[in-house]
Amino acid sequence: VGCYYYSCQKYHVAQKHFCRATRLDPLCFEAWLAFGCSFAACDESDQALAAFRAAQRLAPAEPSALLYMGMEYVRTNHLVLAQHSLMAALPSGDPLCYHELGVAAFYQKDYTGAIPWFIKALRAVTRNPRHFVEELQNEFWEPTLLNLGHCYRKTRQFAKAIECFEKCLVLVPDNPSSLLALGLTKHLADDYDGAIELYHQALSRKPDDPVGLETLNRALEEALSVKLNISNVVASPMSQHNQSYHDQTIMSMEEDSMDMSGMS
């Protein structure tokens with residue numbers, strides 16, 4: 001009954017049933033694990049961690065409790081504790097564990113270190129590991145691919161980032177986050193026309209996005225400058241400084257607006 005209400009996103013009702021299950025059978029590992037997930041869904045971190053610890057004490061050899069503890073630590077930005085729990089759960093080979101380790105590395109601004117974790121997660125769930133982007137069909141793993149695209153963009157591997165974001169839009173069409181991320185990547189790659197079109201598409205689905213509005217205005221101004229041949233002047237040290245400032249400004253605006261995609 002608790003799982004039914006949880007699947008209906010009625011988490012507080014689910015908590016009552018999971019609580020009753022743990023009282024009827026205090027040694028039920030699955031009940032404590034589900035109890036913790038219902039608390040985590042309601043942003044009740046302390047209670048969630050307490051339930052996960054109870055589950056871990058009941059089944060020390062079961063990695064699921066450690067995995068969910070690590071996910072909760074990532075969500076609450078306790079990254080050192082998150083990595084400790086996730087590394088303990090790593091021998092299970094769960095792709096979700098790889099994903100969360102990638103997210104933890106990203107939050108620590110270790111973008112290069114995050115890329116192998118996301119790739120490992122995606123290769124584990126596709127039939128052809130060499131072409132995991134093309135082979136990915138399950139939309140459940142779209143957040144992992146989106147996060148990989150963010151890492152590629154942060155490391156200025158724009159072609160790979162674009163490939164990831166375009167595949168995300170195949171898996172989840174018209175997702176404003178993917179449209180904005182693809183637009184920002186093309187903007188940084190100086191494809192102003194492509195970026196403007198994507199910003200318009202993102203804003204048509206999320207009109208109140210402040211970063212989408214700001215980056216659209218910036219792209220329009222820069223596209224106009226290019227058409228007026230202002231940007232065709234031979235680059236001077238000052239113009240190179242301005243280009244660097246332009247890239248950093250876009251990246252900082254995106255940092256303020258776009259969070260890494262977690263998985264529940």
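Entry 1. I started with Asp174, which is partly exposed because its relative accessible area is 44%. My cut-offs: buried is under 20% relative accessible area, exposed is over 50%, and partly exposed is in between, using a 1.4 Å probe and protein chains only. Before going on, I noted that this is a predicted model, where local features need pLDDT of at least 70 and side-chain atom pairs count only at pLDDT 80 or more, while totals for chains, interfaces and linings use all residues. Residues are numbered from 1 along each chain as its sequence is written, and side-chain values use heavy atoms, with hydrogens and water left out.

Entry 2. Which residue does Asp174 meet in a salt bridge? I found Arg205, at 3.1 Å from N to O between the side chains. The pair links distant parts of the chain, 31 residues apart: Asp174 is in the loop between helix H11 (158-171) and helix H12 (176-188), and Arg205 is in helix H13 (residues 192-205). I had to check two terms here. A salt bridge is a side-chain nitrogen of Lys or Arg within 4 Å of a carboxyl oxygen of Asp or Glu. Helices (H or I, at least four residues) are DSSP runs, numbered from the N terminus. Arg205 has a relative accessible area of 37%, so I put it down as partly exposed.

Entry 3. I looked up how many salt bridges the structure holds, and the count is 4. One of them joins the side chains of Asp43 and Arg75, at 2.5 Å from N to O. This pair also connects distant parts of the chain, 32 residues apart, with Asp43 in the loop between helix H3 (29-41) and H4, and Arg75 in helix H5 (residues 64-75). Asp43 counts as exposed because its relative accessibility is 55%. Arg75 is partly exposed, at 39%.

Entry 4. Arg75 has another salt bridge, this time with Glu72, and the closest N and O atoms are 2.4 Å apart. Both residues sit in helix H5, 3 residues apart, which I noted as about one turn of the helix. An α-helix has 3.6 residues a turn, so residues three or four places apart point the same way. Is Glu72 buried or exposed? Its relative accessibility is 3%, so I wrote down buried.

Entry 5. Next I went to Ser45, which is in helix H4 (residues 45-58). Ser45 counts as buried because its relative accessibility is 15%. Its side chain makes a polar contact with the side chain of Glu72 at 3.1 Å. For that term I wrote: a pair of N or O atoms within 3.5 Å; within protein, one must be able to donate a hydrogen and the other to accept it, and residues adjacent in sequence count only if both atoms are side-chain atoms. Leaving aside neighbours within four places in sequence, Ser45 is in contact (heavy atoms within 4.5 Å) with Glu72, Arg75 and Thr76.

Entry 6. Last stop was helix H10 (residues 142-154), which has 13 residues. I found 13 of the 13 buried, so H10 is largely enclosed by the rest of the structure. Just after H10, Arg156 takes a positive phi of about 65°.

Methods: Helix = DSSP H or I, 4+ residues; strand = E, 2+ residues; numbered from the N terminus. Expected span 1.5 Å × (residues − 1).
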